Amino acid sequence: MASNLINRPRSWNGNPLAGEWLVTVKIDGVRAIWHDGLGWLSRAGKQLYNIPPWQQGNARDCEVFVGTFRDTIRATRTKLAKRYTPTIQPQHMYGLDQLDARLNWGTLKSPSVTDILAQLQRANDLGHEGIVLRQADCWIKVKPEETHDVTITGYAEGEGKRRGRL
C-alpha cells in the first residue's frame with residue numbers, strides 16, 4: 001500500500017454538510033499502515049512495533065488503541081517489548097480501509113451543525129476523541145479541540161521579560 005493512498009481526514013469547518021455521510025468513531029490511537037516488506041509503519045513512515053503481523057483479508061490501514069493513548073504509544077514505539085509493555089492483540093486494531101464494525105455509527109443525511117455536534121457530544125460522552133464523517137474518499141474529522149503534531153526545527157531563548165524561557 002503506497003502512502004499516497006492513505007486517507008488523511010481534514011478538519012471540519014463548522015458548516016452543515018450536503019449528502020449522505022457515514023458517521024464513525026474517532027479513537028485516540030496510533031495509525032498503522034501495513035507495507036509489504038516493511039511491516040507496520042506510522043502515517044509518517046516510522047516503524048511501529050509489537051503489532052500482530054498483517055494477515056490476508058484483514059485491514060491494511062488501522063487505528064491501534066490499547067486502553068489509553070499513552071499505553072498505545074508505549075506499545076507501538078517500544079522496539080524490544082519489556083514485561084510492562086502493553087500487549088497489542090487483534091482486538092486493539094480497528095480497520096479503517098475495511099471499516100471495523102465497532103467504529104460504525106450509521107449515517108446522517110445532509111447533517112446540520114446541530115446534528116454533527118450532537119454526534120460529537122455522544123462520542124465524547126463515551127470517552128472517544130471525536131467522530132469522522134465519511135463520504136467516499138472524503139473524510140472529515142470532528143473533535144472538540146483541533147490539535148496538530150509538529151516537528152520542532154529550532155528554538156530560541158526569550159528576551160526581556162521572557163528571558164530564561166523558550
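## The sheet

In what order do the 5 strands of the open sheet stand? The order is β1-β9-β8-β2-β7, with mixed pairing, where two strands count as paired if DSSP finds at least two bridges between them. The edge strands are β1 and β7 (104-109), each of which pairs on one side only. Strands of a sheet pair through backbone hydrogen bonds, either parallel or antiparallel.

This is a predicted model, in which local features need pLDDT of at least 70 and side-chain atom pairs count only at pLDDT 80 or more, while totals for chains, interfaces and linings use all residues. Residues are numbered from 1 along each chain as its sequence is written, and side-chain values use heavy atoms, with hydrogens and water left out. Helices (H or I, at least four residues) and strands (E, at least two) are DSSP runs, numbered from the N terminus.

## Strand β9 and its partners

Strand β9 (residues 138-142) is largely enclosed by the rest of the structure, because 4 of its 5 residues are buried; here buried means under 20% relative accessible area, exposed means over 50%, and partly exposed lies in between (1.4 Å probe, protein chains only). Strand β1 (residues 10-11) runs parallel to β9 and is joined to it by 2 bridges, with Arg 10 standing opposite Ile 140.

Strand β8 (residues 130-135) runs antiparallel to β9, and 5 bridges join the two; in this pairing Ile 131 stands opposite Val 142. The hairpin of β8 and β9 has 2 residues between the strands, and Ala 136 takes a positive phi near 55 degrees in this hairpin.

## Strands β2 and β7, and the helix on the sheet

Strand β2 (residues 20-26) is joined to β7 by 4 bridges, and these two strands run antiparallel, with Leu 22 opposite Thr 107. Helix α2 (residues 113-125) packs on the sheet and touches β2, β7, β8 and β9, its direction making about 135 degrees with that of β8. Contact means heavy atoms within 4.5 Å, and the angle, on a scale from 0 to 180 degrees, is taken between N-to-C directions of axes fitted to C-alpha atoms, for helices over the stretch in contact.

Which residues of α2 are buried? They are Ile 116, Gln 119, Leu 120 and Ala 123, and they lie on the same side of α2 because they cover an arc of only 100 degrees around the axis, an arc taken from the directions from the helix axis to the C-beta atoms. The buried residues of α2 pack against β2, β7, β8 and β9, whereas the face turned away from the buried side carries the exposed residues Thr 114 and Asp 125. After α2 comes Gly 127, whose phi is positive, near 90 degrees.

## Salt bridges

The whole structure holds 7 salt bridges, each being a side-chain nitrogen of Lys or Arg within 4 Å of a carboxyl oxygen of Asp or Glu. One of them joins Lys 109 and Glu 20 at 3.8 Å, N to O, and links distant parts of the chain, since Lys 109 is in strand β7 and Glu 20 in strand β2, 89 residues apart. Lys 109 counts as exposed at 64% relative accessibility, while Glu 20, at 42%, counts as partly exposed.

Lys 26 forms a salt bridge with Glu 129, their closest N and O atoms being 3.0 Å apart. Lys 26 lies in strand β2 and Glu 129 in the loop between α2 and β8, so this pair ties together parts that are 103 residues apart in sequence. Lys 26 is buried, with a relative accessible area of 18%.
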